[in-house]
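Hi,

Here is the structure I promised to pass on.

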Amino acid sequence: MLNLEVAGIYLRNPIILASGFLGISQAIFERIYDEGAGAVVSKSISRYPMEGYRNPTIVVLENKSYINAVGLSNPGCEAFSEEIKTNDKVPLIVSLVGSDPSDFEIMTRKLDGSGIIGFEINLSCPHVQKLGLEVGDDPQMVKSIVETTKSNTTKPVFVKVGVGSTNILDISQAALNAGADGITAINTIRAMKISIDNFNPILSNKVGGLSGPSIKPIAIRCVYELWKKFKVPIFGCGGVSNWEDAVEFMIAGATSFQVGTAIGFGGMSVFNSISNGIVKYMERKGYQSVKELIGRSHKY
Amino acid sequence: MVDHTNTDIIRSVQIEKVIVETPSIRTIIFEDKYSVASMPGQFLMVWIPEVEELPMSVGIENLGSHKFGAVTVRKYGPGSTALYYKKGGERIGIRGPYGNYFSIPKNLRNALIIGGGTGLVPLVRLFGDLLNYHVNTTLIMGSRTKSEVLFEHKAQKILTDNKHNGNVAFSTDDGTYGDKGSTVDLAESILLSKKFEMLYTCGPELMMKGVQKLGERFSIPVEASLERYMKCAIGICGSCCINDRLVCHDGTIFDSNRLRQLTEFGVSYRDKSGRLSYFIPQR
């Protein structure tokens with residue numbers, strides 16, 4: 001009922017762990033899969049290890065949303081390929097971050113032979129200079145990065161876009177023209193939290209990325225516009241907290257959706273509770289396959 | 001209106017008092033009802049504005065008849081040193097308490113606590129709780145040297161209040177106070193002469209690994225409070241993972257059954273980038 005195919009990848013369900021959450025260890029990947037996720041996206045991996053920013057790197061807001069500026073901490077592609085070398089169980093998508101095509105060439109070659117099902121290019125991290133969104137706002141750079149990545153793998157390549165200074169449709173167009181198999185939308189949105197007692201921004205980087213229910217309506221709009229224009233596989237991402245949010249993303253046009261922030265409030269059992277909720281919803285509506293939900297709102 | 005019941009949201013607290021514990025350790029005391037309601041082994045995320053945010057075991061201090069929250073810090077890195085030098089009247093941010101806490105099984109009669117350095121912070125609290133529950137408890141307090149013995153006055157006060165069933169033993173690396181050598185060696189000699197049904201430990205990981213081995217050898221359950229590099233404290237970032245467990249969310253206390261499954265316990269930890277590093281360098 002929940003199984004489906006996305007860009008040549010077969011998933012047991014459309015619920016995917018979003019990049020940036022929990023994703024550096026094979027043992028944790030296996031636990032998340034056992035908890036019911038259909039696939040897992042790793043933290044963004046860079047060519048060399050990155051320690052990230054000093055704490056505080058995450059600040060909790062009142063409405064079950066977070067602002068984070070972790071700073072893309074990750075073990076680097078060498079250590080990460082060692083980490084996942086035994087993976088034969090988890091449908092794993094590796095998120096990649098870099099500043100130019102050569103980074104992506106080296107990383108794709110290093111990781112392509114590992115037990116992974118695809119790549120997601122992070123063009124939208126909003127809080128690290130020369131990486132992520134600064135790259136993703138340059139359509140020409142997006143094109144060469146996607147072309148380089150695609151020419152070094154036969155696996156599907158998704159491009160994660162964000163709300164930056166360039167229109168999300170223009171960046172997605174550039175990525176799809178260059179051969180991307182799908183779009184992940186959206187990343188976190190630049191945001192701040194300032195202490196009224198101490199007068200200073202709480203995050204060590206001052207500015208971070210907003211995630212959770214606060215950004216869901218924006219993410220829904222982006223997914224809706226992307227589906228309307230391109231009809232390509234889309235991973236919806238941004239504030240999926242429960243099965244209702246998940247259904248909303250799918251009828252907006254998401255082929256699958258990614259869950260992150262909600263884990264901080266509901267724990268890892270959120271994967272199963274979303275599955276169960278969607279199944280009951282489909283039974284009530286009389287649907288046979290979750291694929292029937294995709295883009296359904298566009299009829300109106 | 002801010003939701004003051006959501007303990008994940010940083011709350012600003014004013015430092016009431018600072019107590020000098022040893023030449024390198026101080027206790028920072030502040031008003032916080034959530035800290036006062038915490039259990040031994042739980043921790044706070046402590047924000048030192050413009051410097052760091054650190055996980056710290058949460059304590060309770062009595063000033064007069066009023067209970068306050070407290071953290072005990074050893075100056076070490078930039079964050080802990082900045083916190084160490086904070087003065088009364090200054091403000092810090094806290095969130096939490098987070099994590100599970102040491103369990104006290106029903107019908108427990110004899111317990112042995114093995115702590116080293118600032119690992120004693122939750123254990124001295126636990127010592128008091130165990131004695132209040134009428135559990136015969138021996139507390140081993142380990143430190144590098146006599147001047148760094150932490151919380152002796154607290155342990156002595158607990159003993160004074162519970163004369164019948166408590167014992168405290170000391171060990172120092174240099175032999176300047178109590179037994180010379182490790183807390184694990186002292187624990188071993190105590191275990192050879194007396195029966196215990198529970199071992200509790202917190203401190204350097206290789207010391208706790210030694211306690212786990214004693215637990216296996218003497219067939220006694222162990223609870224150990226683990227430490228890993230931590231960012232979020234709410235189970236989402238994965239920085240503090242040990243095998244498939246998250247120290248912030250599944251721990252920090254793990255029992256013998258779980259410790260047996262944690263092949264990284266006493267062997268390796270992840271650095272800030274997430275790479276595995278080893279307690280004892282690998283060949």
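**What I found**

B:A70 counts as buried, because it has 26 C-beta neighbours inside 10 Å (buried takes 20 or more other C-beta atoms within 10 Å, exposed is 12 or fewer, partly exposed is in between, and C-beta atoms are placed from the backbone). Before going on, the ground rules: this is a predicted model, where local features need pLDDT of at least 70, side-chain atom pairs count only at pLDDT 80 or more, and totals for chains, interfaces and linings use all residues. Residues are numbered from 1 along each chain as its sequence is written, while chains are lettered from A and ligands numbered from 1 in the order in which they are written.

Back to B:A70: this residue sits in strand β5 (residues 66–74) of chain B. Helices (H or I, at least four residues) and strands (E, at least two) are DSSP runs, numbered from the N terminus. Leaving out neighbours within four places in sequence, B:A70 is in contact with B:T27, B:I28, B:I29, B:G59, B:I60 and B:E61 (contact is C-beta atoms, placed from the backbone, within 7 Å). B:K17 is 53 residues away along the chain, and its C-alpha atom is 9.5 Å from that of B:A70.

Now the core. The largest nonpolar core has 177 residues; such a core is a set of buried Ala, Val, Leu, Ile, Met, Phe, Trp, Tyr and Cys residues joined through C-beta atoms within 7 Å. A:V40, A:A185, A:V223, A:F257, A:V259 and B:V46 touch the most other members. Helix α3 (residues 120–132) of chain B gives the most to this core, namely eight residues. Domain 1 (11–98) and domain 2 (110–267) of chain B both contribute, so the core lies between them; the bounds come from an automatic or database domain assignment. Apart from neighbours within four places in sequence, the contacts of A:V40 include A:I16, A:F29, A:Y33 and A:L92.

As for chain A overall, you'll find ten helices and 14 strands. Of its 300 residues, 58% count as buried. Its C-alpha atoms fill a box of roughly 50 × 50 × 40 Å along the principal axes.

Finally, the two chains meet: 28 residues of chain B are in contact with 35 residues of chain A. On the chain B side, β4 (52–63) and β6 (91–98) each supply at least two residues. By class, that side has ten nonpolar, eight polar and ten charged residues (Ala, Val, Leu, Ile, Met, Phe, Trp, Tyr, Cys and Pro are nonpolar, Asp, Glu, Lys and Arg charged, and the others, Gly among them, polar).

Cheers
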